[in-house]
Amino acid sequence: MAKQFDVIALGELLIDFTENGQSEQGNPLLEANPGGAPCNVLAMLQKLGKRTAFVGKVGSDMFGRQLREAAESTGICMDYLRMDEHVHTTLAFVKTFPNGDRDFSFYRDPGADMMLTADELPGKGLQETKIFHFGTLSMTHPDVRFATRKAVTVAKEAGALISFDPNLRPPLWFSLEEAREQIAWGLSRCDILKIADNELEFMTGEKDLERGAKLLQEQYPNIRLLNVTAGADGSYGHFGDLHVFVPAFRLGGTIETTGAGDTFCACVLNYVLENGINKLNAKQLTEMLRFANAAAYLVTTKKGAIRSMPEPEQVREILARA
């Protein structure tokens, strides 16, 4: 039976305030970029011609309206977005370092995204997707955690592949032990995993990425496709006994890394949608990671994420030059 959507994602939709110069008085100027990892993933999938929808909540305020408009402008279906009349939209302030890395400060206790409840989920909509994607920012508090778990269950029972990105943000958790427990739950439910090198070490204690990935494969045999991102070094793909490494594209012009991992994740999901997940070989894994790395590089040359996703033609141009 045909599904209405290729990918539905649940989670945070927020404003990333990023530095953009100084005022005449020497004060930092901040640009209000629409963001949030799950919607970033969907924005790139829309660029790749896929049908997507978002499940989440924002405040009924100027930022919430800005976010709805920004996401809708990309083509993402926002029919399942809830607007909270009492709690404001979550805000993130991003400090960018010279190498493009970031430090986050969140205004979120409470924030509208953490107010989503299970009875606000689109039950039928969750049954109409080929892939369901989620992270852990929607698992930091009890009610939204319950909603996330229910959404994963509904989508999985309807035959969807489950995609998971831990997206660890330590300041948002009451304790790192709680974060580890919730990430472990996500690992135990997903078919497709995108995990950053620091998150892999956090969960396994292994600095060696190959050994860390193997430990996760042994502990969570449900994970069919496991990808590890290692920032400026590149990415690793693991499928069964196959594993490949593809170096990052270092072509200069990096401004900040916001959205790079989400862009990478979207390209992987796009590859799975077009090629399946049952019989991937080393050549296909390499092809998948090269495209994902190139797209991730391009998004680092702009500020923000949702409105900064590259066109497929731009990605192919990068690949042709390499």
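Biologist: In this predicted model, is F5 buried or exposed?

Modeller: A residue counts as buried when its relative accessible area is under 20%, and F5, with a relative accessible area of 4%, is therefore buried.

Biologist: How many aromatic pairs are there, and what kind of pair do the rings of F5 and Y80 form?

Modeller: Ring planes that are over 60 degrees apart count as edge-to-face. The count comes to 8 aromatic pairs. Among them, F5 and Y80 have ring centres 6.3 Å apart and planes at 75 degrees, so this pair is edge-to-face. The pair links distant parts of the chain, since F5 lies in strand β1 (residues 5-10) and Y80 lies in strand β5 (residues 77-84), 75 residues apart. Y80 also counts as buried, because its relative accessibility is 18%.

Biologist: What kind of pair do the rings of F93 and Y107 form, and where in the chain do F93 and Y107 lie?

Modeller: The centres of these two rings are 5.2 Å apart and their planes stand at 70 degrees, so F93 and Y107 make an edge-to-face pair. F93 belongs to strand β6 (residues 91-96), whereas Y107 belongs to strand β7 (residues 102-107), and the pair links distant parts of the chain, 14 residues apart. F93 counts as partly exposed, at 27% relative accessibility, while Y107 counts as exposed, at 56%.

Biologist: Which residues form one aromatic cluster with F93 and Y107?

Modeller: F17 and F63 form one aromatic cluster with F93 and Y107.

Biologist: Which ring does the charged end of R180 sit over?

Modeller: The charged end of R180 sits over the ring of F202, at 4.1 Å from the centre of that ring.

Technical notes:
Residues are numbered from 1 along each chain as its sequence is written. This is a predicted model: local features need pLDDT of at least 70, side-chain atom pairs count only at pLDDT 80 or more; totals for chains, interfaces and linings use all residues. Side-chain values use heavy atoms; hydrogens and water are left out. Rings of Phe, Tyr and Trp (its six-membered ring) pair if their centres lie within 6.5 Å; planes under 30 degrees apart count as stacked, over 60 as edge-to-face and the rest as tilted. Helices (H or I, at least four residues) and strands (E, at least two) are DSSP runs, numbered from the N terminus. Buried means under 20% relative accessible area, exposed over 50%, partly exposed in between (1.4 Å probe, protein chains only). A charge sits over a ring if NZ of Lys or CZ of Arg is within 6 Å of the ring centre and within 35 degrees of the ring normal.
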